[in-house]
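Subject: Structure handover

Hi,

Here is the structure I promised to pass on. Please open it and keep it beside this email as you read.

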Amino acid sequence: GEVCTMINKKYSEFLPSMQSAEDLVAQVEGLASNIDLLKAGIENEVQRDLNVAVAEFTELKQQLERDTLVLSVLKKLQEFDTTIKECNSALLEKQYVAAAQQLEKARSSLRSLESRRGFELKILKALGTELTVQTQNIIYHLGEEWQKLIVWKLPPSKGSSSLEAVVLSELHLHTVPPQDQDTAVPPVAAVLEALAVLGELHSKLKDFGQLLLQYILKPLISHPSLEPVPEEQPDVFILRFRTQGLALHESSPVEVFDKIKLVFEVLHKYLLSVPLEQPGEGRKEGSVTLAELLGELIWEELSDCLIHNCLVNSIPTNSSQLEQYKEVIESTEEFEKALKKMQFLKEDTTALLKYACNVDSHFANKKCQDVIMAARNLMTSEIHNTVKITPDSSIALPELPDPGSGDPPKMHRASALLHNGTVNVGSEGRLSPFTLCLPTCRISCSVQQLVGLAYHTLLEATASTDLCCVQLFDCVRNIFQLFYEVVPTYHRENLQKLPQLAAIHHNNCMYIAHHLLTLGHQFRYRGASVLSGGAATFVDMVPGFRRLGMECFLAQMRVQKGEILERLSSARNFSNMDDEENYCAANKAIKQVLHQLRRLGMVWKDVLPVNVYCKAMGALLNTALAEIVTRIAALEDISAEDADRLYSLCRIMVEEGPQVFTPLLEEDKNKKYQEEVPVYVHKWMTFKELMIVLQANLQEIVDQWADGKGPLAEEFSAAEVKSLIRALFQNTERRAAALARIK
């Protein structure tokens, strides 16, 4: 019973919800059929109308775009036309800035027209032409105005910046604002600004800058006597020049800076202070003055010229003047400051000051250049102007302080003398006066001056800053290096041809080598100088110089020996002297050889050191004697008359040979050397023995030989003596016996 009741209850609840669900289904079905009807309607009618509308809209849109484009082009064309008209009317009223600005507007209108794709108008070409014509027109007018404002009166010889030409040059600036009318914009500013707007100012300024450099600035730097004369009249400012007689000295930087500053001050006042509101393209916004623009164009060239033609010359040439150079550095700084104040220079420009402050290095460079130039001149001067030096000769030098004292050098003390003789070698005591002694001889004046130059430069070095000291020391080494390379080449021909020059050159080299031994050493004890480390030496160059002198002199000796042998070769081998013609030829040859030796003895007299002189003359006389001995010893047959004539020829050599030894000017002192001839002439005794043999009989020859222990055996071999006996004596038993004794 209970179960039934529950089912009924559930059922009665279920029926109504079932009912409502069915209603809902019916509604949905009705709605769906409505939607189908509507969809069919849309597909058939609305869709078609819609397509038509979209097509119409697109067409209208394109039409609008075309119209807008045409309109904007017409607007630009109208704008272009207006600006050109306004430009013309502004030009007529001489409102140059306005005209230029209108012209630039027209230019940008034209640009935007040209930039449109697919819209080429034939008219654009015509507009471009119109614009060009207008631009040229306004530029022409501005050029005329510029020429009225800035007038150069130059001498007819254009292009010349000689002193005469510059004195006649004038610069007139018609930029003085008239007193009565107070114009808002002075005409000069208007002209300049219009040029700037058109981008033409740069080339105008460039031309102006070049004229300024050529006729005003550079001449003021290079002609110390030139002075600028500014003159202001009511409507014009004039810059003229006058010369103050002939300036003897180089212009000092201080004076030059003042003159150039004056020129810039007046230019600044009358021309360059104009601010340009529209600084053309490619510049940062804001105004820029004409001075800045001009500065950018000419400063590099001007500062170069100031450095090379003014500051360089003012660099001191000796270290004592370095102190006074401070004044130049200060005035350089003032000059740069003044130009920066006038805005002619940018704040960070310091080329001039840098150069002036670097005076130490420039001083060294200049000093080295001067020294090398002086050295080169000495090396290429005549060798034969000589000076005599003796062991106690000296080189004049400012006094070197005591090794221990470390005092600064006393530059202004009277020159003390540094002897070739005693060389101070510091605290190790003194060497004997003759340890490093030069023998008496003649050297070229130029070489003595060259060594003096080296001493003075080293002295200068020890008084300088370290950097400078090292540079000067190297410079002295370079002098000697240069001598080594230049002299033998430059004087080559004369050294080969002239025996006297070869001798002087030999002495020169020995003199230099002598000084190089001690040159670095003498400066070793100069206080804290870089040279005091002992590394500053020249000793390594000594062997090279000795070799250079020797080689040149030996080459000359070879030439002389060659000539002697050449002369003796015409003596017909000294054979058949009984033939008059042969005897004359031999006699002549011997006379020529003696003449040659006499001439050499003369040109080397008082030039070569005595010991070198005697060795050289001895070697040459020896060459002659040895050659004669060889020729006579080789003869196969010597008649009695031959023997006599040969003897007389030999006697000429023995009597006159020693007389060619004349090393000294005082004749009486030469005797000693003439007596010492056997010491210098190796073959002297051989020659004397040969003469004895020519006069001796067989027995005397055997006695001279003395079983190989006599004087003859000292000079000749057994074979040579036998050969002479066979030539001199006929074949007899006595001869055979004598020959048997020679062994």
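**The whole protein**

Bear in mind that this is a predicted model. The protein has 26 helices and ten strands. It runs to 743 residues, and 42% of them are buried.

**Helix 17 and its two partners**

Start with helix 17, residues 580-604.

Take helix 16 (542-568) first. Its axis lies 8 Å from that of helix 17, and the angle is about 160 degrees. An angle over 145 degrees counts as roughly antiparallel. Helix 16 and helix 17 are therefore roughly antiparallel to each other. On the helix 16 side, the contact uses Phe 553, Met 557, Gln 560, Glu 563, Ile 564, Arg 567 and Leu 568. Helix 17 brings Ala 589, Ile 590, Gln 592, Val 593, Gln 596, Leu 597, Leu 600 and Trp 604. Sorted by class, this contact has ten nonpolar, three polar and two charged residues.

Helix 19 covers residues 640-656. It packs on helix 17 at about 10 degrees, with the axes 11 Å apart. Angles under 35 degrees count as roughly parallel, so helix 17 and helix 19 are roughly parallel to each other. Here helix 17 contributes Glu 580, Tyr 583, Ala 586, Asn 587, Ile 590, Lys 591, Leu 594 and Arg 598. Helix 19 answers with Arg 645, Ser 648, Leu 649, Ile 652, Met 653 and Glu 656. The classes are seven nonpolar, two polar and five charged residues.

Find Ile 590 in your viewer. It takes part in the contact with helix 16 and in the contact with helix 19.

An α-helix has 3.6 residues a turn, so residues three or four places apart point the same way.

**Helix 8 and helix 9**

Next, go to helix 8 (residues 290-314) and helix 9 (residues 326-341). Their axes are 13 Å apart, at an angle of about 165 degrees. That makes helix 8 and helix 9 roughly antiparallel to each other. The crossing is right-handed. Trp 299, Leu 306, Leu 311 and Ser 314 of helix 8 meet Val 328, Thr 332, Phe 335 and Leu 339 of helix 9. By class there are six nonpolar and two polar residues, with no charged ones.

**Helix 5**

Is helix 5 mostly covered or mostly open? It is mostly covered, with ten of its eleven residues (187-197) buried. Among the buried ones are Val 188, Leu 192, Glu 193 and Val 197. Just past the end of helix 5 sits Gly 199, with a positive phi of about 75 degrees.

Helix 22 spans residues 684-695. How far apart are its end C-alpha atoms? They are 17 Å apart. Twelve residues at 1.5 Å a residue should span 16 Å, so the two values agree.

Its buried residues are Trp 684, Thr 686, Phe 687, Glu 689, Leu 690, Met 691, Val 693 and Leu 694. These pack against several helices, including helix 18 (610-633), helix 19 and helix 25 (718-728). Helix 24 (711-715) is also one of them.

Pro 711 lies in helix 24. It is partly exposed, with a relative accessible area of 41%. Leaving out residues up to four places away in sequence, Pro 711 touches Glu 689 and Gln 704. Pro 711 is also 25 residues from Thr 686 in sequence, and 9.1 Å from it in space, C-alpha to C-alpha.

Most residues other than glycine have a negative phi.

- Gln 343 has a positive phi of about 65 degrees. It lies in the loop between helix 9 and helix 10 (351-357). Gln 343 counts as partly exposed, at 34% relative accessibility.
- Asn 573 has a positive phi near 60 degrees. Its place is the loop between helix 16 and helix 17. Asn 573 counts as partly exposed, at 40% relative accessibility.

Best wishes

Key:
Residues numbered from 1 in each chain as written. Predicted model: local features only at pLDDT ≥ 70, side-chain atom pairs only at ≥ 80, totals over all residues. Heavy atoms only, no water. Axes fitted to C-alpha atoms, helices over the stretch in contact; angles between N-to-C directions. Helix = DSSP H or I, 4+ residues; strand = E, 2+ residues; numbered from the N terminus. Parallel < 35°, antiparallel > 145°, perpendicular 65-115°, else oblique. Contact = heavy atoms within 4.5 Å. Nonpolar A, V, L, I, M, F, W, Y, C, P; charged D, E, K, R; others polar. Left-handed = near helix turned anticlockwise from the far one by under 90°. Expected span 1.5 Å × (residues − 1). Buried < 20%, exposed > 50% of the residue type's maximum accessible area, 1.4 Å probe, protein only.
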